Amino acid sequence: MSSKAIREYDAKLLLAYWLQRAPAPNPNFAPSPSSTLKFPAPRVAQILWDPSTDSITPDTLLPSWVSTTKLVAKPDQLIKRRGKAGLLALNKDWQDAKKWIQDRAGKPQRVESVTGTLSSFIVEPFLPHPSDSEYYICITSARHGDTLLFTTAGGVDVGDVDAKALKLDIPVLGPFPSRADLQRILLRDVPAHKKEVLTDFLVRLYSVYVDLHYAYLEINPLVVLDDGTIHYLDMAAKLDQTAESICGPKWAVARDLTVYEAAPAGLTTGSKITADRGPPMVWPAPFGRDLTKEEAYIQKLDASTGASLKLTVLNPNGRVWTMVAGGGASVVYSDAIAAAGFAHELANYGEYSGAPSEGQTFEYAKTILDLLTRPPPRPDGKILIIGGGIANFTNVAATFKGIIRALTSYKAQLIAHNAKIYVRRGGPNWQEGLKAMRLLGESLGVPIRVFGPDTHITEIVPLALGLKSTTSTTAPISIPATAPGSPKISPASPEPGASDVGAIHADGERTQPNDVVVRFDSLKSNKGSRPAYRPFDEDTRSFVYGLQPRAIQGMLDFDYSCKRARPSVAAMIYPFGGHHIQKFYWGTRETLLPVYTSLEEAVKKHPDVDVVVNFASSRSVYSSTMECLGYESIKAIALIAEGVPERQAREILWKANEKGVLIIGPATVGGIKPGCFRIGNSGGMMDNIIASKLYRPGSVGYVSKSGGMSNELNNILSLVTNGTYEGIAIGGDRYPGTTFIDHLLRYEADPACKMLVLLGEVGGVEEYRVIEAVKSGKIKKPIVAWAIGTCASMFTTEVQFGHAGSMANSDSETADAKNKAMREAGFIVPATFEELPKALKDTYEALVAQGAIVLAREVEPPVIPMDYKWAQELGLIRKPAAFISTISDERGQELLYAGMRISDVFREDIGLGGVVSLLWFKRRLPPWATKFIEMVLMLTADHGPAVSGAMNTIVATRAGKDLISSLASGLLTIGSRFGGALDEAASMFSGARDTGLTPREFVDNSRKANKLISGIGHKIKSVNNPDLRVELVKEYVRKNFPSHSLLDYALAVEKVTTSKKDTLILNVDGCIAVCFVDLLRDSGAFTPEEADEYIKIGTLNGLFVLGRSIGFIGHHLDQKRLRAPLYRHPADDIFINIADLNQPRVLGKMQ
């Protein structure tokens, strides 16, 4: 969400630090150079209760002034009217204040209708002051701008502020008031001797408000003493959380206590490092809504992903649990449960959306299932509703994989709780997702009923609750990817004929054989012929800002299904890559779209484009949109990004309003004009486009906040009317660029749109603007409306729904109040959301009966070929894999080594030898075997700089080569003469023993064959000067191996060979080779055939290569560190023998 309350402690620290530092938002509010304002001292201390020790913050962590000053103590947990609730201790020394806090810390406290646990307190100096020195100041933000409210009657009895306060509006882009305006409007009743200092304070206060992206700030009372000092006693504030990327460092530094005075010894952070100077901002839960550890975990998970994950536990012992996809859909399901009379049994509110990964969905589902199964089982069982709207781009099957994993892991607990599961979902790959859920139901032992988009979104709610259904429910019917039996149409560009191949056309273009690229450059533009109320038509052309190939392909597929003459996307703009071309499909053929690095270049090349679909992130959407608004040719911009700071969103909307540019969003999926134009991912996958008949226009125009619920409306309208004429999702933020009324007035003016639909929600007042338009006669067409969020009034605590703007700040902003007001104004408002389809159907049929809507012949859309990758995901096609891998897999939530999770690799501490055993042998070897592998790697790591491999590495390094090249140079020397004797030694020794040769017979046969025995012999070491590496290996093997028969055989061979010459010992290569054969054959992990195969395929040489790479890298780094120059071998070390030129040569004879 955006606007979030902060603690009074943090609000006062922010003001204390930034009041004298924040830049003025306008020169009119620049600080006066002659100002006598004395900045309030930052004297506020936080006292926290630790539930684990049942104690409060110790004295050693508090500032020194606490123990020497008379104090005020109070809870700091977003509690209103603390004084009236008896939660204020005045004029206390620290010991008394401490006792007052200890008596209340950790105890439940009832404030009005809410009960919560007191855990956070603040203390600050007590300030005696006359009552006439108390003032009230509040700064609020709204769509039009900011408002300062001021009254001289501050304090506990301030009363109705809206009625009595003086107000100064500061419009977003309008004329900025001056200091004189502020004094004249707000401070007219302030004594003259206080007016200047109060003016200085207020302009600085507003500077902080703007610079730190406040959304609300109230000080009551604000005390101004006769000596000109200012003190703020009570404070309430909200910050725009979406501005954290901008203001996070500023918020953090103000919370660093060392900037005010030396921190107490116990308060130093030690080695803990934070992203900014100071701790990050804390966002407390509303009083009475202490975050459970599960809610905190999901909140943390949500903060670490681009997806949205929300969880609020309403009743941990409740019977009905929900796991809903989509912000709007989550509210609709809660409404349906509450409307059915089960609000007291609703256990949670939450949503997941924005295409979370399988792992994130698993963690989310696991958390809910843990909560569901934690209380004792109930006789009437538990209900889990896994619901959701028709997704636009989220792969339903992929997210269901995580849910299925969680359900499977909680199988026993779900059975014990007699749980029943009801699933309803639509969107990309919904068929596979629901199929997987149905199959799970057959094996889980828990009843799972599954429904698709042909079932009304909340129809499963009465079914789950055992109530009579308002409409019939049926099993989901699979919708084909394309319309069955659709006739093929001619492509926009004719296929080349035989006579055309190689021909040069009038425009200079040559048609080549097999040319399947469609070009549209020669088509004329009809730009400028559209009326103002119709921003999109079949000729609309757009830029897509950002590299979004999937969304663009969806837009082009929609264009093709609508039989547009050319694509709606003219080009992409991507500042972070060079100018290039990307290919996309146009039906069965392909077309090319340019990618520009600047908007300026794109506008010059494509003057017919007047729409921008902006996929820029929340951090860059402001600058990119402001750039778009600088071009007169751009008439509409869709802002897809979520989390756009509210102050930036307001600037965009007002700048666009000045320019006459239509803004859709931010935080929107966009909108759709059936038969004409599609914004980004609106409408979902092509199967939903076809099923909802969005390839041709209908008669109903709608506007909604939610993208997912827009898809639901498309679906409902296709079933009960002739379909959608135009649908816009304005976005769920508090300040969308355009509101309900903007689009409904367009629909009213458009003669082709016959019927209007408004899907509002709790929070905000935009629905009332539509009500006024209906009452005044500006809107005359029939309008069907509903505001979701009717459940909010049934919750005992404050709940923030999925959209940032869905929070009622007054009674008029509740969904119930809006529905009642719309009904009274003449809107067609059903009794519940479940009755919306009937209301739509009745209204539509009345218009048809009146002749206002004339039914047209249904048209079939062209066949849209399915993308290969998507068809493969759906299981519709198969293809042999180009490669096969059986040792590792990184596709899931966690990397797997031969089926073992990487976390388990470290948890079980299997070491490097264990990793080698998994990746080389695809199995866990016993610890003695993995330790032997590590021992081999250590023994073979290096053998000095003189060996050929090390020398090659050194020479390559000194020639200036990089590490990889130098390492490769050394590795290429490994073979039968250097290092590669392990495989051959293993083969010779095991072959001799397997054929029954005695050690002497083996030696004699090798001599007769003039063949050296690999693994026997050393240039330096001998019987009397043994190789200690060999001794270490022999000692380890004899001590740890269960059997070492081949080592014993090799040592017997050594006795024969050393009797002839004492250097013919078993060398390290031979010793490692025979011991490794013993490991393969006698560990019990391999069959004899597998052991022989690993010897033949080079496993043993692999050990030498892996080990020696360590040494080669060491030599490379050593030479680089020494800055060794290019090596040239001395000529006197080379014998050069060039034969005399007069020496006769044998010449080849030509045949």
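**Exercise 1.** Is Cys-138 buried or exposed?

Solution. This is a predicted model, where local features need pLDDT of at least 70, side-chain atom pairs count only at pLDDT 80 or more, and totals for chains, interfaces and linings use all residues. Residues are numbered from 1 along each chain as its sequence is written, and side-chain values use heavy atoms, with hydrogens and water left out.
- Step 1: Cys-138 has a relative accessible area of 3%, so call it buried.

**Exercise 2.** Find out how many disulfides the structure holds.

Solution. 
- Step 1: a disulfide counts as a pair of cysteine sulfur atoms within 2.5 Å.
- Step 2: on that basis the structure holds zero.
- Step 3: take Cys-138, which is in no disulfide; its nearest cysteine sulfur belongs to Cys-247, 19 Å away.
- Step 4: seen from Cys-247, the closest cysteine sulfur is that of Cys-138, and 19 Å is too far for a bond.
- Step 5: Cys-247 is buried too, at 0% relative accessibility.

**Exercise 3.** Pick out residues that touch the most other members of the largest nonpolar core.

Solution. 
- Step 1: a nonpolar core joins buried Ala, Val, Leu, Ile, Met, Phe, Trp, Tyr and Cys residues through side-chain atoms within 4.5 Å.
- Step 2: beyond four places in sequence, Leu-744 has contacts (heavy atoms within 4.5 Å) including Val-703, Leu-758 and Ile-783.

How values were computed: Buried < 20%, exposed > 50% of the residue type's maximum accessible area, 1.4 Å probe, protein only.
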